[in-house]
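Hi there,

Here is the structure I promised to pass on. Have a look at it first, and my notes follow below.

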Amino acid sequence: MTATQAVDLSLRIGSLELQNPVGTASGTYGKGLEFQPFYEVARLGYVVVKTITTEARAGNPPPRLCEIPGGLMNSIGLPNPGVDAYIETVLPKLRTLGAPLVINIAGHDIADFAILARRFAAEEGIDALELNMSCPNVSGGLDYSTDPKVAKEVLVRARAETDLPLIAKLSPNVTDIRPIAEAAVAGGADAISAINTIVGMPVDWRKRRPILGRGFGGISGPCIKPVALRMVRMLYETVDVPIIGIGGIETADDAMEFFVAGASAIQVGTANYYRPTAAIELLEGLPERIASLGATSLQEVIGTLEMP
Ligand SMILES: Cc1cc2nc3c(=O)[nH]c(=O)nc-3n(C[C@H](O)[C@H](O)[C@H](O)COP(=O)(O)O)c2cc1C
């Protein structure tokens, strides 16, 4: 066995054991099924699916997407069929994916998080829940991760309904992400994922209108990576649960930046849109890079960044 083949990429998130740290970011991977023609999805560490809400949602008025230098802006607004239709029509197909399945949920209010946690906890084939506490594109969507008391309550209510690992997905649109993460962990989060998109506004000055139908939207892609890296580092220094890094990750080198900063796992988001094979190529590139640091496991490199 070569040094590269011997590298151990495994990790734990609560009770969940993952073979490797590479997952997909919610909302950027279709329903979770569309990438099967490109590669064997079962090789990924885990798949996170698009946010599901209690009721069906149509989403925001178009245009919902536009490109900006180094990234993408969206105001999609969580269109989804609602939990009942989802469990009936989509979940059966997702059970055949082969990769650990993380269902991403968002509530219209705090009680919704509990309802959704209970509904999915009763279903077979779900490995963890990610709580989208940070959607900038729905009214009130950011509130769950801007106020520590509210963040804790969301986790407490969801925790009361399920033993599944709970991942609290936080917003970068705060003055300080640390108290929010501490509150989420105190409420029962097994991991923190960060970051969701950064709020912004693309403008068409000729029309004197914002480009996106809703006006404001969320920025994602390579241009947000340094923001995400800083937040991951702050989270790593603050809470004792695994951090899942998200934000502008496309390549194995991007992922390594997040691991040394303190992430235990990562998610590939916007890159799926412009390079559908990004996640699997990233995974293939990790052993060699970890070995190049003289390590034999992912665990040995996590958080090893030397801060000035
Ligand atoms: C088009 C689009 C739709 C998204 N939808 C969701 C969603 O439904 N739920 C969620 O938690 N995050 C959603 N996100 C945020 C991503 O999961 C991710 O946190 C963010 O885009 C940053 O990662 P990236 O720079 O790799 O894309 C969406 C992002 C994009 C670009």
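P63 is found in the loop between β4 and β5, and a cis peptide bond joins P62 to P63, with omega at about -10 degrees. Do keep in mind as you read that this is a predicted model. There is another cis peptide bond, from A194 to I195, with omega near 20 degrees. I195 lies in the loop between β10 and β11.

While we are on backbone details, two residues other than glycine have positive phi values. For L78, phi is near 55 degrees, and for R208 it is near 55 degrees too. Are their surroundings buried or exposed? L78, in the loop between β6 and α1, is buried, with 21 other C-beta atoms within 10 Å. R208 belongs to the loop between β12 (203-204) and β13 (209-210), and it counts as exposed because it has 7 C-beta neighbours inside 10 Å, where the cut-off for exposed is 12 or fewer.

Now to the sheets. Four strands make an open sheet in the order β5-β6-β14-β11, with antiparallel pairing. β5 (65-68) and β11 stand at its edges with a single partner strand each, so one side of each is left without a neighbour in the sheet. On average, neighbouring strands here are turned by 35 degrees against each other, direction ignored.

Going through this sheet pair by pair:

- β5 and β6 are paired antiparallel over four bridges, and E67 has L72 in β6 as its bridge partner.
- β6 (residues 71-74) and β14 (residues 217-220) pair in the antiparallel sense over three bridges; N74 is partnered by G218 in β14.
- β11 (residues 198-200) and β14 run antiparallel and are joined by three bridges, with G217 in β14 as the bridge partner of G200.

The other sheet to look at has eight strands. This open sheet has the order β3-β16-β15-β10-β9-β8-β7-β4, and the pairing is parallel. Its edge strands are β3 (22-24) and β4 (47-48), each of which pairs on one side only. Within this sheet, β8 and β9 run parallel and are joined by four bridges; L129 stands opposite L166 in β9.

Next, the helices. How does the length of α3 (residues 148-159) fit with its number of residues? Its twelve residues, at 1.5 Å a residue, should span 16 Å, and the end C-alpha atoms are 16 Å apart, which agrees. The buried residues in α3 are A151, K152, V154, L155, R157 and A158. They pack against α2 (110-121), β8 (128-132), β9 (166-169) and α4 (178-187).

In α4, the buried residues are I180, A181, A183, A184, V185 and G187. What covers them includes α3, β9, β10 (191-194) and α5 (225-236). After α4 comes G188, with a positive phi near 120 degrees.

F120 lies in helix α2. It is buried, with 23 other C-beta atoms within 10 Å, and the cut-off for buried is 20 or more. Leaving aside neighbours within four places in sequence, F120 is in contact with I103, I126 and L129.

A99 sits in the loop between α1 (83-94) and β7 (101-105). Which residues does A99 contact, apart from its neighbours within four places in sequence? They are V41, A42, L44, Y46 and V47. A99 is buried too, having 22 other C-beta atoms within 10 Å. From A99 to R233 the separation is 134 residues in sequence and 28 Å in space, C-alpha to C-alpha.

Finally, the ligand. It is surrounded by 25 residues, of which A25, G27, S220, G269 and T270 are the closest. By class, the shell consists of eight nonpolar, 15 polar and two charged residues.

Happy browsing, and write back with any questions.

Best wishes

Note on methods
Residues numbered from 1 in each chain as written. Predicted model: local features only at pLDDT ≥ 70, side-chain atom pairs only at ≥ 80, totals over all residues. Pairing = 2+ DSSP bridges. Helix = DSSP H or I, 4+ residues; strand = E, 2+ residues; numbered from the N terminus. Near = placed C-beta within 6 Å. Nonpolar A, V, L, I, M, F, W, Y, C, P; charged D, E, K, R; others polar. Expected span 1.5 Å × (residues − 1). Contact = placed C-beta atoms within 7 Å. Axes fitted to C-alpha atoms, helices over the stretch in contact; angles between N-to-C directions.
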